Amino acid sequence: MPRTTGARRLRAITRRLDAAYGEPPAARRLPPIDELVLTILSQNTSDVNRDRAYADLRRAFPTWTAVARAPARGIARAIRRGGLSATKAPRLRAALRTLEARGMELDAPRALAELPDAELWEVLVGLPGVGPKTAACVLLFSLDRPYLPVDTHVHRAAIRLGLVDERSSAVRAQEELQAAVPPDLVYAFHMGLIRHGRAVCVARRPLCSECVLADLCPRVGVTTSR
Ligand code: SF4
């Protein structure tokens, strides 16, 4: 089966995933800087540990401005339940300090929200430690703008379904999918592939015999990690 990303196929995949897993839950709609911090904390950890680290951080520091001015050690202590705290603390602080240096009011709920899509994208991917996936999470989950984050589940399932080239990195896959997925489909498509990647199209031994996309999938029966 050739690699195809036509809108009809993408809609069919999304419809089937919606039917299999139910309508995706509504997006969080946190203020953009809250979403940015939460997404940085989510790197290489589970949602549960990410949420614990975020709650601990909010308890330890009254404002994002206070986090930007805190010693990295103190931030690391606050977020230790999220894992990799020694890496994430300076990354978090550097991102907040960079935004502050660019004139953003870190604790204004609408900070960043007034920027147009392209400008906000450039601001976010220009922050230290922030890549395209994190930037797309802020745009999509906080501001309902059609940017498509590609995490490990979306990446794996998209390769198997022939939606992106099998040699594509996650960054390249995000560019390809961003160009192919119709804007009105982005959120449901993203959520559908994540849920599918966690439940059925898992890394090792995907459950192809239970897959609602099996007849659309060129890699049905695959047993490798991709
Ligand atoms: S058929 Fe198998 S490899 Fe293809 S999407 Fe379904 S679970 Fe993944």
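## Helix α2 against helix α8

P32, E35, L36, T39 and I40 of α2 meet T134, C137, V138, F141, S142 and L143 of α8. By class, the residues of this contact are seven nonpolar, three polar and one charged. The model is predicted.

Helix α2 covers residues 32–41, and helix α8 covers residues 132–143. Their axes come within 9 Å and cross at roughly 135°. That angle makes α2 oblique to α8. The crossing of the two is right-handed.

## Helix α2 against helix α6

Helix α2 also packs on α6. The axes of α2 and α6 come within 10 Å, and the crossing angle is roughly 160°. An angle over 145 degrees counts as roughly antiparallel, so α2 and α6 are roughly antiparallel to each other. The crossing of α2 past α6 is right-handed.

On the α2 side, the contact uses L36, V37, I40 and L41. On the α6 side, it uses K88, R91, L92 and A95. Six of the residues in this contact are nonpolar, none is polar and two are charged.

## Helix α7 against helix α8

Helix α7 runs over residues 117–125. It packs on α8 at an angle of about 135°, with the axes 9 Å apart. The two helices are therefore oblique to each other. Here too the crossing is right-handed.

From α7, the contact draws on D117, L120, W121, L124 and V125. From α8, it draws on P132, A135, V138 and L139. The tally is eight nonpolar, no polar and one charged.

Helix α9 spans residues 152–160. It is mostly covered, with seven of its nine residues buried. Those seven are V154, H155, R156, A157, A158, I159 and R160. They pack against α10 and against α11, the helix at 186–199. Just after α9 comes G162, with a positive phi of about 75°.

Most residues other than glycine have a negative phi. L84 is not a glycine, yet its phi is positive, at about 50°. L84 sits in the loop between α5 (72–78) and α6 (85–101). L84 counts as partly exposed, because 16 C-beta neighbours lie inside 10 Å.

D144 is the other case. Its phi is about 55°, again positive and again not in a glycine. D144 lies in the loop between α8 and α9. D144 has 12 C-beta neighbours inside 10 Å, so it counts as exposed.

L57 belongs to helix α3, residues 47–60. L57 is buried because 24 other C-beta atoms lie within 10 Å. Not counting residues up to four places away in sequence, L57 touches V67, A78 and I79. G74 is 17 residues from L57 along the sequence, and their C-alpha atoms are 9.8 Å apart.

A180 is in helix α10, residues 170–180. Leaving aside neighbours within four places in sequence, A180 is in contact with T5 and L10. A180 and R160 are 20 residues apart along the chain, and 16 Å separates their C-alpha atoms. R160 is one of the buried residues of α9.

## The ligand shell

There are 15 residues around the ligand. Those that come nearest are C201, P206, C208, C211 and C217. The shell divides into 13 nonpolar residues, no polar ones and two charged.

Conventions:
Residues are numbered from 1 along each chain as its sequence is written. This is a predicted model: local features need pLDDT of at least 70, side-chain atom pairs count only at pLDDT 80 or more; totals for chains, interfaces and linings use all residues. Axes are lines fitted to C-alpha atoms, for helices over the stretch in contact, and angles run from 0 to 180 degrees between N-to-C directions. Helices (H or I, at least four residues) and strands (E, at least two) are DSSP runs, numbered from the N terminus. Angles under 35 degrees count as roughly parallel, over 145 as roughly antiparallel, 65 to 115 as roughly perpendicular and the rest as oblique. A crossing is left-handed if the near helix is turned anticlockwise from the far one by less than a right angle, and right-handed if clockwise. Two residues are in contact if their C-beta atoms, placed from the backbone, lie within 7 Å. Ala, Val, Leu, Ile, Met, Phe, Trp, Tyr, Cys and Pro count as nonpolar, Asp, Glu, Lys and Arg as charged, and the others, Gly among them, as polar. A residue is near a molecule or strand if its C-beta atom, placed from the backbone, lies within 6 Å of it. A residue is buried if 20 or more other C-beta atoms lie within 10 Å of its own, exposed if 12 or fewer, and partly exposed in between; C-beta atoms are placed from the backbone.
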